[in-house]
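I opened my notebook to go through one chain. I wanted the overall build and then a few details.

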Amino acid sequence: MDSAAANLDGGIGYSLAGLLVGLAVGATGVGGGSLMTPVLILFYGISPKLAVGTDLLYACISKAFGVLLYRRNGSVDWAIVGWQALGSVPAALLTLLWLRHLGDSGGLDRLIKLTLSSAIVITATFTLFQDAITARFRPNPPSDGPGINPVLRRVLTVASGALIGCVVTISSVGAGVIGMMLLLLLYPKHAPVKLVGSDLAHAVLITAIAGLGHAKLGSVNYPLLGWLLLGAMPGILIGSRIGFRLDSQVLKRAVACLLLVVGSMSLYNVLGKPSPVAQASAAALPR
């Protein structure tokens, strides 16, 4: 088989991954980076740094279509997006500088895998218990009683943005479900659709900044990005139609359970292996 045919076969495999993840995202709203990055690392052997950088731009482009829809419907609270960005943009830039300082090392791969696994487990857990968390912290129906102090809420919104900016830049996970979880806790009286639109708009912004930063670091594979998008776009479209016909809650819980298994296994593999520093120290001991 010549190189062109080999590249085509490999590209079709990546598009298939994009299609499957797109189906999950379209049908349930869950999946995205939480599935794509570990799939690239575990099943395709892509290096963690390259998988994260490529997935960030993939997420930015795929989520941008959703933002256009929410913006058209007036379902984006740009004030919330702005306060989050006040924390997330500097955090992402500082994290990129730190990643540049670390360079290509086994320690960086371990950090990415550890952050990625933890973020996936948190994402899956929140998805499974979202209704219970929402019922606990959101008044139903919304009341006019006292809520969180406005100044404190803005400070916490900036802090939540900083946390998301850091986690997303390292792992490509967190801008969606984790960001939504924080917004639900901070803005219990806001309409959920506005929080979804705001979270999505912020996700596009922060994944764009982090993705472009990774591109400058050389950790983006553009042919891989193209193949993933080739499969993801029809996957999201088909998945959204499936989601309307099937029980979305059942589908969402199924994806969450899959994420929980993948995240737990990945976390176990990372914690079960000694760090590169520990390995180097052990190798230096006299025998």
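My entries follow, from the whole chain down to single residues.

**Entry 1: ground rules.** I noted that this is a predicted model, where local features need pLDDT of at least 70, side-chain atom pairs count only at pLDDT 80 or more, and totals for chains, interfaces and linings use all residues. Residues are numbered from 1 along each chain as its sequence is written, and side-chain values use heavy atoms, with hydrogens and water left out.

**Entry 2: the whole chain.** I looked up the elements and found 12 helices and zero strands. Helices (H or I, at least four residues) and strands (E, at least two) are DSSP runs, numbered from the N terminus. I then checked burial: 44% of the 287 residues are buried. Buried means under 20% relative accessible area, exposed over 50%, and partly exposed in between (1.4 Å probe, protein chains only). Next came contacts, meaning heavy atoms within 4.5 Å. Of those between residues at least 6 apart in sequence, 86% join residues at least 24 apart.

**Entry 3: the cores.** A nonpolar core is a set of buried Ala, Val, Leu, Ile, Met, Phe, Trp, Tyr and Cys residues joined through side-chain atoms within 4.5 Å. The largest one has 50 residues, and Leu 40, Tyr 58, Leu 195 and Leu 228 have the most contacts inside it. Helix α8 (residues 177-186) gives this core its largest share, eight residues. Another core lies apart from it, with eight residues, including Cys 60 and Val 204. Beyond its neighbours within four places in sequence, Leu 228 contacts Tyr 14, Gly 18, Met 36, Leu 40, Thr 54 and Tyr 58.

Entry 4: How many residues of α8 are buried? Nine of the 10 are, so α8 is largely enclosed by the rest of the structure. Val 177 and Ile 178 are among the buried ones. Both also turn up in the contacts of Thr 123, which touches Ser 34, Val 173 and Leu 259 as well, not counting residues up to four places away in sequence. Thr 123 sits in helix α5 (residues 106-128). I checked its burial: Thr 123 has a relative accessible area of 2%.

**Entry 5: a helix pair.** Helix α4 (residues 78-102) packs on helix α9 (residues 192-216) at about 20°, with axes 9 Å apart. The two are therefore roughly parallel (angles under 35 degrees). The contact residues include Trp 78 and Leu 99 of α4, and Leu 195 and His 214 of α9.

Conventions
Axes fitted to C-alpha atoms, helices over the stretch in contact; angles between N-to-C directions. Parallel < 35°, antiparallel > 145°, perpendicular 65-115°, else oblique.
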